[in-house]
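Reader: I want to learn how to read a structure like this one. Please take me through the features in turn.
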Amino acid sequence: MTGSRLRAPAGADSTTTTRSARSRARVGADIALVVIGLCFMAPLLWLLLAAVDPQAGYQTTVPSTPSTDNFRAVLTPELLFRPLANSFLLSAGTAVVNVLVAVLAAYPLSRYQSRFNKPFMYTVLFGTSLPVTAIMVPVYGLFVQLQLLDSMAATIFFMATTTLPMAIWMTKNFMDSVPLELEEAAWMDGASNMAALRTVVLPLMRQGLGVVFIFVFIQAWGNFFVPFILLLSPSKQPAAVSIFSFFGQHGAIAYGQLAAFSILYSVPVLVLYAVVSRGMGNSFALSGAMKG
Amino acid sequence: MTIRRSLRLLPVVPSILLLLLFLLAPVVWSFYASFTDASLSGKAARDPQWVGADNYVRMFSDDSFPLAAWLTVVFVAASAVLGQNVLGLLIALLMTRSRRAVSSLVGTAVVAAWVLPEIVAAFAAYAYFNRDGTLNQLLGVVGGQGPDWLYSFPMVAIVLANTWRGTAFSMLVYRAALADVPRDISEAALVDGAKGWQRLTYITLPLIRSSIATNLMLITLQTLAVFTLIWVMTAGGPANASTTLPVLAYQEAFKFGDIGYGTAVASVLILLGMVFGAVYVRLLREQRP
């Protein structure tokens, strides 16, 4: 819209006015965006400053004696390492289950025409829209009945199911873009479907699978409500939940440590997001999720 | 032949089993339990009794449910439909005119709030709206005296916080949509002397209307389900002043131990989600026949 050039012949005067009007519009847009950007950064400023301020409160101030004390205080097995290890186990487990199950489901849906495909895909799409927080009360009831409460494995499978519709949808779209010809060649050589899937299709959609894995991993890593309800013993709780208990117990005194803890816990997903968006363009999640 | 065809669908089975066990079963159980007096502990926990529509009757005689329903509508309308949607579109439009460096920096700031784990975003928002927090410090700089946002204006605080947290999604949707708008159409309009806002309302917005519709559906569904942000910032309080439906369902079920009533509230939410979900699926279906 902005870079457009007038095609109609115009006098020198009017061209100059349009150009200066346009550069004025550009400066206006820049200023407006910078203001919006500052507003979005403002709440994060506290997090960054409080983390290096041993005397931090809720005020955003430049620390008088910046130090790494807060980080050192939370870098203990009890406070940080075990919860982070639990977060990793939960998120990696969820992502592995998702990728495995989604690849299996996507293969026939992508490769064979069937009357079953369309209804299934739309049901899956419908599944993406269920409000997960709304089913947590019944899921808790279900887990009590099945005696699955406080089970890491069951929590992983539940979390995997909540992201599964999105994962199937994305995986199928990625698989659709792998040409069928290569696979047919493998069939000619006597490979079975599953062998063709493993040796031909999956290597070609490595990048897409990486996106699905990271996408699910990020969601699981940040998830608070599900483990908060389903995992009871502190030794199994991920960082999202332990940080919340820390906030409840010490938050009123140890703001700086809370901020330091938050930053250490956020770094992995920020890095993963950067990796994916670098590789796939900024709208990675949407390209798989929304385009057919 | 048909057997072989069905066999081909075998790999789909694990996904179906998971979806049945962990998604469909809880939904069905939710509707069932909402007609019982199931509770977290005591006699009714071991042996819940069928109580018919009692929980639903109580919903409408109680003050807390209508209030929570209303607050949910306000929360979704103000933070998703208005806040995230309009701000996301505005940012995406501004980005088409601004320098690349500026838009990528600002884009990073907007996306950061969205990529952070929700509990961290919630802490940051809590600190920001705190009586001594950054917002009031900023207001102090311009000579104003800010209120205790979380206590006096909890809805304003959570609406702004959710707008901050979720705008990135709409921004990304609209950036992708605007990138697909053919350049020559708006150029032609420019030649015809159409003003900026005319181009926007008569050309750009109609061209991206399907993205607008899908985006509205998705952010409505996401916002309907917001729990952590509200729980950390206000815990639904003071009193019930910021208790939306997910918070109410949680409180009834886990704080007061009334699983039956909690699932009734959850069932209403699930039904709402289903209605929006059905509209969303329909929209996408129409878009690609």
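**Reading the two chains**

Author: Buried residues make up 48% of the 289 residues in chain B. A residue is buried if 20 or more other C-beta atoms lie within 10 Å of its own, exposed if 12 or fewer, and partly exposed in between; the C-beta atoms are placed from the backbone. This is a predicted model: local features need pLDDT of at least 70, side-chain atom pairs count only at pLDDT 80 or more, and totals for chains, interfaces and linings use all residues. Residues are numbered from 1 along each chain as its sequence is written, while chains are lettered from A and ligands numbered from 1 in the order in which they are written.

Reader: How many helices and strands does chain B have?

Author: Helices (H or I, at least four residues) and strands (E, at least two) are DSSP runs, numbered from the N terminus. Chain B has 16 helices and zero strands. Its C-alpha trace spans about 75 × 75 × 30 Å along the principal axes.

Reader: What share of the contacts in chain B with a separation of 6 or more comes from residues 24 or more positions apart?

Author: Two residues are in contact if their C-beta atoms, placed from the backbone, lie within 7 Å. In chain B, that share is 71%.

Reader: At what angle do α3 of chain A and α2 of chain B cross?

Author: Axes are lines fitted to C-alpha atoms, for helices over the stretch in contact, and angles run from 0 to 180 degrees between N-to-C directions. Helix α3 (residues 77–111) of chain A and helix α2 (residues 13–33) of chain B cross at roughly 120°, and their axes come within 7 Å. That makes α3(A) oblique to α2(B). Angles under 35 degrees count as roughly parallel, over 145 as roughly antiparallel, 65 to 115 as roughly perpendicular and the rest as oblique. A:V101, A:L104 and A:A105 meet B:P14, B:S15 and B:L18 here. By class, this contact of α3(A) with α2(B) has five nonpolar, one polar and no charged residues.

Reader: What is the phi of A:Q147?

Author: Most residues other than glycine have a negative phi. A:Q147 has a positive phi, near 55°. A:Q147 sits in the loop between α5 (136–145) and α6 (152–176) of chain A. A:Q147 counts as exposed because it has 9 C-beta neighbours inside 10 Å. In chain B, B:A239 also has a positive phi, near 50°. Its loop runs between α14 (228–233) and α15 (245–255).

Reader: Where is confidence lowest and highest in chain A?

Author: pLDDT is the predictor's confidence in each residue, from 0 to 100. Chain A has a mean of 82, and 87% of its residues reach 70 or more. Helix α13 (residues 284–290) is lowest, at a mean of 43, and helix α10 (residues 225–230) is highest, at 93. Over residues 1–14 of chain A the pLDDT is below 50. Where pLDDT is low, the predicted coordinates should not be read in detail.

Notes: Ala, Val, Leu, Ile, Met, Phe, Trp, Tyr, Cys and Pro count as nonpolar, Asp, Glu, Lys and Arg as charged, and the others, Gly among them, as polar.
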